[in-house]
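Hi there,

Here is the structure I promised to pass on to you. Have a look at it first, and my notes follow below.

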Amino acid sequence: MEHLSSIQRKAVAAVAAICLSMAVVPTASAMHIMEGYLPPVYCIIWGLVCVPFLITGFMKIRNTVNANRRAITLLAVSGAFVFIVSSLKIPSVTGSCSHMTGTGLSAILFGVSTTSVLGIIVLIFQAILLAHGGLTTLGANCFSMAIAGPFVSWIIYKGLGKTKLNRKVTIFLAATIGDLFTYCVTAFEMALAHHSDSGVGVALVKFLAVFAPTQVPLAIIEGILTVVIILALESLAAKELKSIGYKEA
């Protein structure tokens with residue numbers, strides 16, 4: 001924190017305060033796959049899939065922080081953004097809820113492995129403190145929200161960044177499509193475990209239909225918010241962004 005200006009310290013404190021206040025929400029059945037919903041074998045498989053990303057992410061964060069203390073500010077902002085927006089749940093149908101993921105910001109700034117660590121930290125806190133998600137389904141939730149979605153966001157951002165497309169549009173598309181892909185993967189995880197005699201494909205369509213009415217507009221909102229936050233960081237934390245290799249167009 002010794003590298004932070006007075007304004008930056010106040011900004012970090014404000015983000016933390018908002019994060020805590022907005023995260024205090026009633027218990028609800030949410031888009032994170034709830035505790036006990038997946039059979040044990042699926043919980044184990046999805047957890048094992050996440051392990052390589054998490055190990056790589058922890059190592060990357062350690063190396064990044066050791067080499068560049070300025071990165072702590074951006075890591076904190078990225079983690080707080082994930083925590084806030086993924087805690088705000090909007091009622092969907094069949095007693096479920098939809099919410100934004102917030103992981104596109106971290107994927108753009110730090111990549112997939114770092115985002116997986118931020119994501120699983122958020123998921124653990126939400127499962128324990130907010131009854132949002134579950135510990136047995138932690139692996140499945142981590143893979144969809146903190147690995148699969150961010151991977152798509154990162155690919156889109158890097159790919160479109162090489163074109164002449166407006167940078168704001170690139171950021172918007174990366175965050176929006178990454179959010180939507182998260183829910184496609186979540187629906188697949190649920191369909192794979194609960195498809196009965198209808199088949200995985202039919203179950204997948206049904207699960208996607210449940211969340212589409214609320215998730216599509218939420219994804220668009222997340223894309224807009226991500227653009228706004230990155231523009232604000234470019235104005236208020238230009239040195240920090242430069243220190244992690246982020247380049248403004």
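Which residues lie nearest the centre of the largest pocket? Please keep in mind that this is a predicted model. In it, Tyr157, Lys158, Gly245, Tyr246 and Lys247 hold that position, among the 28 residues that line the pocket. The space inside comes to about 550 Å³. Several helices take part: H2, H4 (103-110), H6 (138-160) and H7 (167-193) each give at least two residues to the lining. Sorted by class, the lining consists of 13 nonpolar, 9 polar and 6 charged residues.

Helix H2 (residues 40-67) also meets helix H5 (residues 112-129): their axes come within 7 Å and cross at roughly 100°. H2 is therefore roughly perpendicular to H5. On the H2 side, the contact is made by Phe53, Leu54, Thr56, Gly57, Phe58, Lys60 and Ile61, while H5 brings in Val112, Ser113, Thr114, Ser116, Val117 and Ile120. Of the residues in this contact, 7 are nonpolar, 5 polar and 1 charged.

Finally, the charged pairs. A search of the whole structure turned up 2 salt bridges. One of them is between Glu240 and Arg70, with 3.5 Å between the closest N and O atoms. This pair joins distant parts of the chain, 170 residues apart: Glu240 belongs to helix H9 (residues 238-243), and Arg70 sits in the loop between H2 and helix H3 (71-87).

Best wishes

Terms used
Residues are numbered from 1 along each chain as its sequence is written. This is a predicted model: local features need pLDDT of at least 70, side-chain atom pairs count only at pLDDT 80 or more; totals for chains, interfaces and linings use all residues. Side-chain values use heavy atoms; hydrogens and water are left out. Axes are lines fitted to C-alpha atoms, for helices over the stretch in contact, and angles run from 0 to 180 degrees between N-to-C directions. Helices (H or I, at least four residues) and strands (E, at least two) are DSSP runs, numbered from the N terminus. Angles under 35 degrees count as roughly parallel, over 145 as roughly antiparallel, 65 to 115 as roughly perpendicular and the rest as oblique. Contact means heavy atoms within 4.5 Å. Ala, Val, Leu, Ile, Met, Phe, Trp, Tyr, Cys and Pro count as nonpolar, Asp, Glu, Lys and Arg as charged, and the others, Gly among them, as polar. On a 1 Å grid over the protein atoms alone, a cavity is a set of points where a 1.4 Å probe fits but cannot get out, and a pocket is an open set with protein on both sides within 12 Å along at least five of seven lines; lining residues have an atom within 4 Å of a point. Grid points are joined across faces, edges and corners, and a volume is the space filled by probe spheres set on the points. A salt bridge is a side-chain nitrogen of Lys or Arg within 4 Å of a carboxyl oxygen of Asp or Glu.
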